[in-house]
Every structure is written in structure tokens, then in C-alpha cells.
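These are my notebook entries on one structure, written in the order in which I looked things up.

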Amino acid sequence: MINNTLYSARMKMADLISADNELLSILHRIGIKLGFGEATVAEICERYRMSTELFLMICNIYSFRDYTPNVDMLRKEDLPDITGYLRASHVYYKTVCFPHIHNKIHMMVAELDSINRRLIDKFYDDYDAEVTNHFMFEENIVFPYIESLLKNGKSLQLDFSISKFEENHSYIGEKLNDLKNIIIKYLPEDYSSPIRFEILKDIYDVESDLQKHSLIENKILISLVEKLETSNE
Amino acid sequence: MNRHSKYKILLIEPSEIVALGFKEIISRSSDFEIMSTLANPTYYTNIKSRPDIVVINPAVVNYNERFDVRSFFCVNGDNVSIVALTNSGYEEGVMRLYDGCINIYDNAQRVIQKLRSAIEETLQNPKNEINELSVRERDILVAVAKGRTNKEIADEFNISVYTVISHRRNISRKLGINSVPGLTVYAIMNKLVDISDFN
């Protein structure tokens, strides 16, 4: 991908949104308030004390499928912004995306017979617990590890390294994909259930969002921490 | 075979000697004709009309990339018979991907016979292979849903763990469901296992 087709620091923030309205959810996560007039991306990032380079990378990941972030553009000082963004993104999933899906699933199962209702409820609840665990592990173990590595030059958790996280970092979208196919193909037919279409639309959206989220973790966070670990040795 | 036109064969074989010999055998048949010969499958997409049978040397297929022979040649729900052309034995898991297998030491009569039965098989069970689970796959799905490990399933059915994994991969591909909980939901919904087994 040629760099000049990507977003740049001198673009107006408002133009970024009209180029791809999905970026609104990034602003939502970071807490950037609307009403920014003609301000450029660089100006807004400075106002919110966020690395412009990182903000652009995240937006490029969301908007351009073939884009591969170049970690050499970031410094270790950007790490707190990255973990900050990932935490904010977790909050967004937990308070916006998943509750939406959960509510709709409640409405959908109300129309099912008791066996199918129990099946879908249990499947979703287990998935929900898995996601919570996944996020909690990152927030309670991985991010603090990175933060102490930055602060002290080494970590207090001697038995942990980012490669351990990398090995066990599973993609949490697999069961969502299963749920999608169960709803599309195997849930008994019904006469009128717009709710199923709505759920599927939501699942597709959150799935593609999760893919980008894990790309940020795998390609940006992990690579940057690996560099930090070797430079500390 | 009640058909006026000949069945079209696409041959994918890197050895010119073998390819020419195969062509010679086909030229003597009244039911089949070679529409095109390729040294490897990469150029398949350039071929305008669809073959009825693809005869392919499995050695040109890269297993490491999990090349799915069937989904590669059966685009848009085309029904294409896929027949392997080999000079050695392949593992059961690999051969199950094909509708038939011709050995280079088969005589001309046997080659034609095998092509006929492959095409009949495909006509009788259109896309059956892709969509529905086989009896064996259904049995294995039930065992997976009940929480058995691959090793336990291998022992129960007297097959290798490798074969169990290959069955599971096929099951997941057909159903579009990968996780064990997802497979369990499918199995209960389709009454393959009873929900009371799970309290």
C-alpha cells in the first residue's frame, strides 16, 4: 500500500470521519469529543495527549484492509498510549458491543422452545465469560507487566515475558463465528424474526472489530514490547 | 451413459510422459475427451469452460497450505469430479478428498472404468460430500460433543489420531462450526445427542 493514500497528521479530523464513518467508534473509545471544528488530526491528538503516529496507525488499520503498521515509527514512550487504547477498547466492547448483542439474544431465545433456549443461552454465557477472562488477563497481567517494564527497566514478574502472552493469545472471535452459523443455518426456521438479522449484523460488526483489535495487539503491542525487552537485556 | 457429448477432462500432471500416455488412453474412449492439460493448478482460473472431471496428480498440491482440492475446483457450486492420478499410495485422509484414484500402472480399460464410476458417483450424489456429514463423521461429532478427547475417539473407532483430526477438520468445514461448545449445540439441536447427557 502506498503511504500517501493513508491518513495523515495534517488532515482535518472531520474529513477522516467522512472518509470512513467507522472511525467514529475509535473516537468514542478514546474519549475524543465531537465539535472539533476545523482542527487537524495532529491538533486533536495533542489536545488529548495521544501519540499522533499511533492514532493514525489505528485509524489506518480500521480503514485499509491491506495496511501493515510499521512499528519502527513508534517509540517505547508510546506504549502507555497503546495499552490505554486497548483498555478503552475493552471497555467499549464490554459496555457497548456485547451488551447490545446479549440483549438481542435474550429477545431471540424468548421465541424458542426450552431446549434451544437453554442451548443458546448457555453457549452465549460461556462465551461471555471467556471474553471477560481474556480481557481480565490482559488488563491484570499483561498491561501491568509492560508498565513495570517501562518504569523499572525490568519486570517484577520474573516468570512472564511477552512471548508467553504471544503464544497463548488466542483469537476470541471463533465462537462468535460458530454462533453466526448456528443462527444462519441450524436454528429452527421461524416466520418473522427481524431480531435474528439484527444479531447477525451486530456479530459481523464486532467480529471485524475484534480482528482489528487483535491486529493492534499482535502487530503493534507485542512487537514493540519485544523490542523493549531486548533493549533492556 | 446416455449422453451425446463427451465428458470433458482437465488433466493436471507435471510429467509430459505421463500426460501424453493418459491422453492417448482417453483418445481411444468414446465417452471422454481431454479439454486441457496443465502442469500445475495455478492456471486453472484462466480456463474458460468448466470441466466435468479434473484428473490431478496429488503431488502438485501443497499440503502445507491445506489446499482444499474440492473447494478450489468446485466454484459456484459446480459439480466437478476430482480424480487423483498417482504412482504411489497416499494416506487415507488425503485420498478421501478425491472421488476416485487412478494408478499409473492401471491398464486402459481400468482407467476408463474408474473415470466412469467417478462421474456416476458425482451425478448421483451432487455435492453430497460437501454439505452433509457422512455416517462416520456424525459418529465422531457425537463423541466430540460428549467431550471425548481425540485419543479416546481414536481408540473407540480403531483409527489413528491423525484420522480423527482429519475427520474433525472436515466436520468443522462442512458445518462452519469450530469450537467444541458450538459442535455440542449443533449435535443437540439435531438430536444426535440428548440434552440430558449434559444435565
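Across which strands of chain B does helix H1 lie, and at about what angle does H1(B) run to E2(B)? I found that helix H1 (residues 16-27) of chain B lies across strand E1 (7-12) and E2 of chain B. The angle between H1(B) and E2(B) is about 160°. I note here that the model is predicted.

**Entry: the sheet of chain B**

I next looked up the order of the strands. Chain B has an open sheet of five strands, and I read the order as E2-E1-E3-E4-E5, with parallel pairing. Strand E2 (32-38) and strand E5 (100-103) of chain B are the edge strands, and each of them pairs on one side only. From one strand to the next, I recorded an average twist of 25°. As background, I wrote down that strands of a sheet pair through backbone hydrogen bonds, either parallel or antiparallel.

I then examined one pair in detail. Strand E4 (residues 81-86) of chain B runs parallel to E5(B), and four bridges join the two. Opposite Ala84(B) I found Cys101(B), which belongs to E5(B).

**Entry: helix H6 of chain B**

Which residues of helix H6 (residues 135-145) of chain B are buried? I listed Ile140(B), Leu141(B), Ala143(B), Val144(B) and Ala145(B). These buried residues of H6(B) pack against H7, helix H8 (161-175) and helix H9 (180-189) of chain B. After H6(B) comes Gly147(B), and I noted that its phi is positive, near 90°.

**Entry: the contact between the chains**

How many residues does each chain give to the contact? I recorded twelve residues from chain A and twelve residues from chain B. On the side of chain A that touches chain B, helix H6 (114-152) and helix H8 (174-186) of chain A each supply at least two residues. The largest share of this side comes from H8(A), with seven residues. By class, I listed five nonpolar, two polar and five charged residues on the side of chain A that touches chain B.

**Entry: confidence**

Finally, I looked up the predictor's scores. The complex has an ipTM of 0.83 and a pTM of 0.67. For chain B, the average pLDDT is 83, and 83% of the residues score at least 70. Which elements of chain B have the lowest and the highest mean pLDDT? The lowest, 50, belongs to helix H5 (residues 128-131) of chain B, and the highest, 95, to helix H7 (residues 150-157) of chain B.

Conventions
Residues are numbered from 1 along each chain as its sequence is written. Chains are lettered from A and ligands numbered from 1 in the order in which they are written. This is a predicted model: local features need pLDDT of at least 70, side-chain atom pairs count only at pLDDT 80 or more; totals for chains, interfaces and linings use all residues. Two residues are in contact if their C-beta atoms, placed from the backbone, lie within 7 Å. Ala, Val, Leu, Ile, Met, Phe, Trp, Tyr, Cys and Pro count as nonpolar, Asp, Glu, Lys and Arg as charged, and the others, Gly among them, as polar. pLDDT is the predictor's confidence in each residue, from 0 to 100. A residue is buried if 20 or more other C-beta atoms lie within 10 Å of its own, exposed if 12 or fewer, and partly exposed in between; C-beta atoms are placed from the backbone. Two strands pair if DSSP finds at least two bridges between them. Axes are lines fitted to C-alpha atoms, for helices over the stretch in contact, and angles run from 0 to 180 degrees between N-to-C directions.
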